[in-house]
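Subject: A structure for you to explore

Hi there,

Here is the structure I promised to pass on to you. Please open it and have a look around before you read my notes.

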Amino acid sequence: MALTPDGGGAAHAFHAALLEDEDGLTLVDTGLPGMYEQLETRIVQAGLKPETIRRILFTHQDADHIGTLPELLQRLPHVEVWAHADERPYLEGEKPLIKLPPQTLIDMPPQRREPLQRMLDTLVPGRVTSVLAHGELLPLQGGIRVLHTPGHTPGHISLYVPGEKLLLAGDAMRVSNGELELAEPRYTQDMDQAVASLKQLLDLEIDRVLCYHGGLFEGDVRGELRRLTTR
């Protein structure tokens, strides 16, 4: 599900994932503040109903992943929020978002600051309803494995769907010029850790990788992973 920032064009789209199971929809990441209407349109275009979203699963805390949380909670106040334990204090407001410190917000023009402030105001105790752990098997899509892939943020997770040989990589990787690449260094907290996190993927059968930035990669995933982890 591609979400396009204003003026960013398709090349800068965010690729959120939408999973359909018998009990409803799971949204994996949600785009920037102000993208709710676009998100809703994409869901309807897929022949599904936004009101059947049962849970939001966050790969990590960055604003371009959690941005539409206020609008989603306004329309679906009982939606569940799932995230890794190491992201929980950020998603519940105990700690400031790593890449959005208070001074950064103060320095922004009002038209940018106000939607971000609304997002931050939703980060309250109890917001994360399910705390995820590395190796946990989620009851979605016939079983989805949680993989802790820190580096980009402390609690970043990727999701492995063995039945589809699919990896939902979040920001653990990106697609650039048709190749898998490491997370963008300037936005990654610990690049050495980010590279080390990818090594666990070498043992998995993966045919496709959906990256939040760059979209779907299909090809020699293992070969690409070897290239990225032996630099």
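Below is what I found in it, starting with the whole protein and then moving to a few residues.

A word on the source: this is a predicted model, in which local features need pLDDT of at least 70, side-chain atom pairs count only at pLDDT 80 or more, and totals for chains, interfaces and linings use all residues. Residues are numbered from 1 along each chain as its sequence is written, and side-chain values use heavy atoms, with hydrogens and water left out.

**The whole protein**

The protein has eight helices and 15 strands; these are DSSP runs numbered from the N terminus, with at least four residues (H or I) for a helix and at least two (E) for a strand. Its radius of gyration is 17 Å, close to the 17 Å that the globule rule gives for 231 residues, so the protein is as compact as a globular protein of that length. (That radius is taken over C-alpha atoms, and the rule is 2.2 Å times the number of residues to the power 0.38.) Along the principal axes, the C-alpha trace spans about 45 × 40 × 35 Å.

Of the 231 residues, 50% are buried. Here buried means under 20% relative accessible area, exposed means over 50%, and partly exposed lies in between (1.4 Å probe, protein chains only). Contact means heavy atoms within 4.5 Å. Among contacts between residues at least 6 apart in sequence, 64% join residues at least 24 apart.

**Salt bridges**

How many salt bridges does a search of the whole structure find? The search gives 13, each being a side-chain nitrogen of Lys or Arg within 4 Å of a carboxyl oxygen of Asp or Glu.

- Arg54 and Asp23 meet through their side chains, at 3.0 Å from N to O. This pair links distant parts of the chain, 31 residues apart: Arg54 is in strand E5 (residues 53-57), while Asp23 is in the loop between strand E3 (17-21) and strand E4 (24-28). Arg54 is partly exposed at 37% relative accessibility, and Asp23 is partly exposed at 36%.
- Glu37 pairs with Arg75 in a salt bridge, their closest N and O atoms being 3.3 Å apart. Because Glu37 lies in helix H1 (residues 36-45) and Arg75 in helix H3 (residues 69-75), the pair ties together parts that are 38 residues apart in sequence. Glu37 is partly exposed at 46%, and Arg75 is partly exposed at 39%.
- Arg208 forms a salt bridge with Glu164, with 3.4 Å between the closest N and O atoms. Arg208 is partly exposed at 24% relative accessibility, and Glu164 is partly exposed at 45%.

Salt bridges that share partners also join Asp23, Arg54, Arg55 and Glu80 into one network.

**One buried serine**

Where is Ser197 found? Ser197 sits in helix H7 (residues 191-198). Ser197 is buried, as its relative accessible area is 7%. Leaving aside residues up to four places away in sequence, Ser197 touches Thr149 and Pro150.

Enjoy looking through it!

Best wishes
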